[in-house]
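Colleague: Before we rely on this model, I would like to go through it with you, moving from the chain as a whole to particular residues. Please show it first.

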Amino acid sequence: MSEGTSVVMESSENGTDLSQDDIGTIEGTPDNTILSRQTSVNLVPFIGQRFISQEAAYEFYCSFAKQCGFSIRRHRTRGKDGVGRGVTRRDFACHRGGYPQMKPSEDGKMQRNRKSSRCGCQAYMRIVKRADFEVPEWRVTGFSNIHNHELLKPQEVRLLPAYCTISPDDKIRICMFAKAGMSVRQMLRLLELEKGVKLGCLPFTEIDVRNLLQSFRNVDKDSDSIDLIAVCKKLKDENPNFKYDFKIDRHNRLEHIAWTYASSVQLYEAFGDAMVFDTTHRLDAYDMLLGIWLGVDNHGMTCFFGCVLLQDENMQSFSWALKTFLGFMKRKAPQTILTDHNMWLKEAISIEMPETKHAFCIWHIVAKFSDWFSVLLGSRYDDWKAEFYRLYNLESVEDFELGWREMVNKYGLNANKHIVSLFALRTVWALSFLRRYFFAGIMSTCQSESINAFIQRVLSAQSQLDRFVEQVAEIVDFNDRVGAKEKMQWKLQKMILKTGSPIESHAATLLSPYAFGKLQDELVLAPQYASLPVDEGCFQVRHHTQMDGGCKVIWAPCQGHISCSCHQFEFSGILCRHVLRVLSTNNCFHIPDQYLPTRWRGVNSSSTNPFQTATTREHSDKIQLLESMASTLITESIEMEERLDVACEQIAIALSRVKELSRSTHGMNEISYNCPSDSLILPEVEDADGIVRSFTIGHPHDSITLGKIKERRPKDGTEITRKRRNCSGPCCGHFGHDGSACSIMGDDDLHGDALGYL
């Protein structure tokens, strides 16, 4: 074939020439055409080649095209199946043949100008139907393999849509994986292991699997939606505190649905001041946007507030979701809300939650930097990123804006659209603008990882849509039970005091272990700072290695007000090291009550089962009754040695019987311990130097009684002296006095170790 014109003609066996329509012709082929790579002679089509059917011809030409580096598509035909002689001619063309055409839509608007791979390539193969001796067959009457584009390499050509085929067996496997809740990437990896192929070498791609799952979803979309609504109605009938709402579109199909559990409403009431609304994931099997409302409780654990599925991602959908969520929570909006970098969501929050401070999660912004700046900045990208993080963590707004201008000028980014957009949105992502608002630590790396881990557990629960609500409930219930177990372990552990400061001892009795740990970290660092009086009630606090600068602390003891220019308390609810340094150097031994927020105190925050009915109060009453009986048992038993022996024996028997019971009996694994409201008893608190401080408080504002130095036993096990202890139970009706002065505990016949088993 020549580069200019390729004309192929064939005569029939009876000597008659073929018509011009049966002749393949290529005219005006450009000079820069690219000839296809040569393959096996047996696979190259030739004029006169015969096939028993057009499907056989298609498969042959498809195999030839795959070896050459392109794919084919069915092009022109002559005739129509079932009419007259049927189809008598078929053209197969290169997948890049022809040109894209703009088609008007139904409303008269033109389509979006999408990119197309078509470039007018004229490579083709034509087959014509002949019937010799009444036996039909198909013959090749025209063929050209001259392309005006580059051909693909073998590792590239397999990714063309024509060759990304999923076998029926693989479709069945993928459907089963989807019902098991696996993600698409997990499906592909498992299929690679089963088939023994290298990573990424399956005959189909992730997009093909998603399209297949989408087709499954379209088949059962309506029925699954009906089942999902029916499940929510059933849960509502079983537990009136379960809440849900949904929206039907104009085609009577499910558009949005949101729900929350009874335990989530209770948690939001206590810890809904700072909230995360994650909308970065979709349900693969149903291609619906998944939104999850989450928060952090007083023990620093992720708590679930609600869930929503949205068909579309736009401002109207987000507005519906936020309005529905507020309806669930009695119209109580959070103080702050953290979301991903989504402008539609930002606009919806400004409308539905005008009093709520909205912030963008910095991790979602930073994740885009590689695409935005890596090529633009080249080798300077890492230095610029380090400078950005420095600016992000600045405390002063003035320092941020000055540093931003210097950074933009240094790296020549004045006209960059992303830099312009980031600066315009600086009030919703830069910490210098956000420190005056309470975020409960949800911006920290640790909390971000915990929240993301919870979201991943929810995403793994993707099976049938109608099962999703119950699966999320199981995850929430599991998370609550794990949290309750950890909180109980914290109660039983000794809280180590590291500084010996009265402020630390005071905070240990009120704050949860999580919050106390955060405050303790600040207390440990506070002595490294110098507190310099500047004016009445004003102090300059800076690190001992600094000669100037630092933070400004304002303290008005009469009004009980104290604040710091770093705004850590406003941001996290935990006093900073600067304030603690001022308090300690000015002989303040207790933190003012308003600076030990209720949301960080050690109040039990464990929630009930999402499907648990009105048995919680009964369980709580039983627990309080058990505590009362245990207290009475101690009071009665310690009067005589015989009574004490009997009590020990009977308690051992009762404890053995309790341990023999199954944990799942009557849902007892869902019960969490609740301290009586009239007394808060803290276990022994041990200093790092071995000093034990035992606290017993009737009310958070009552005085605190410190114990004595913890005495050591000699190596031979002989007790040198009797331990002095404080009464921590209603032994004689008084709390916090010296055990030696107690009419009951001071009995000479009873040594301290006799109650060790309690």
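Colleague: What percentage of the residues in the protein chain is buried?
Modeller: The model is a predicted one, and the totals for the chain use all residues. Taking a residue as buried when its relative accessible area is under 20%, and counting over the 758 residues of the protein chain, the buried share comes to 45%.

Colleague: Among contacts between residues at least 6 apart in sequence, what percentage joins residues at least 24 apart?
Modeller: Contact here means heavy atoms within 4.5 Å. Of the contacts in the protein chain that pass the limit of at least 6 places, those joining residues at least 24 apart make up 60%.

Colleague: Within what arc do the buried residues of α18 fall, seen down its axis?
Modeller: Helix α18 runs over residues 513–525 and reaches 18 Å from its first C-alpha to its last, close to the 18 Å expected for its 13 residues. Its buried residues are Ala-515, Phe-516, Leu-519, Gln-520, Glu-522 and Leu-523. An α-helix has 3.6 residues a turn, so residues three or four places apart point the same way. In α18 the buried residues accordingly line one face of the helix, since seen down the axis they fall within an arc of 160°.

Colleague: Which elements are included in what covers the buried residues of α18?
Modeller: The cover over the buried residues of α18 includes a strand, β17 (495–497). It also includes the helices α17 (502–510), α19 (568–572) and α20 (577–585).

Colleague: Which residue meets Glu-522 in a salt bridge?
Modeller: Side chains of opposite charge can pair when their charged atoms come close. Glu-522 is buried, because its relative accessible area of 9% is under 20%, and its side chain meets its partner at 2.9 Å, N to O, the partner being Arg-577. The pair links distant parts of the chain, 55 residues apart, from Glu-522 in helix α18 to a residue in helix α20, namely Arg-577.

Colleague: How far apart are the closest N and O atoms in the salt bridge of Arg-601 with Asp-593?
Modeller: Arg-601 is buried, with a relative accessible area of 12%, whereas Asp-593 is partly exposed, at 35%. In the salt bridge that Arg-601 forms with Asp-593, the closest N and O atoms are apart by 2.6 Å.

Colleague: What value does phi take in Ala-440?
Modeller: Ala-440 lies in the loop between α14 (431–434) and α15 (445–459), and at 1% relative accessibility this alanine counts as buried. Although Ala-440 is not a glycine, its phi is positive, at about 55°.

Colleague: Is Arg-331, with its positive phi, buried or exposed?
Modeller: Arg-331 is found in the loop between α7 (315–328) and β15 (336–339), and its phi is near 65°, a positive value in a residue other than glycine. With the limit for exposure set at over 50%, Arg-331 at 52% relative accessibility counts as exposed.

Colleague: How far apart in space are Gly-550 and Ala-530, C-alpha to C-alpha?
Modeller: Gly-550 is found in the loop between β19 (538–543) and β20 (551–556) and is partly exposed, with a relative accessible area of 45%. Leaving aside neighbours within four places in sequence, Gly-550 is in contact with Gln-540, Val-541 and Arg-542. From Gly-550 to Ala-530 there are 20 residues in sequence, and the distance in space, C-alpha to C-alpha, is 9.5 Å.

Definitions and conventions: Residues numbered from 1 in each chain as written. Predicted model: local features only at pLDDT ≥ 70, side-chain atom pairs only at ≥ 80, totals over all residues. Heavy atoms only, no water. Helix = DSSP H or I, 4+ residues; strand = E, 2+ residues; numbered from the N terminus. Expected span 1.5 Å × (residues − 1). Buried < 20%, exposed > 50% of the residue type's maximum accessible area, 1.4 Å probe, protein only. Arc of directions from axis to C-beta. Salt bridge = Lys/Arg side-chain N within 4 Å of Asp/Glu carboxyl O.
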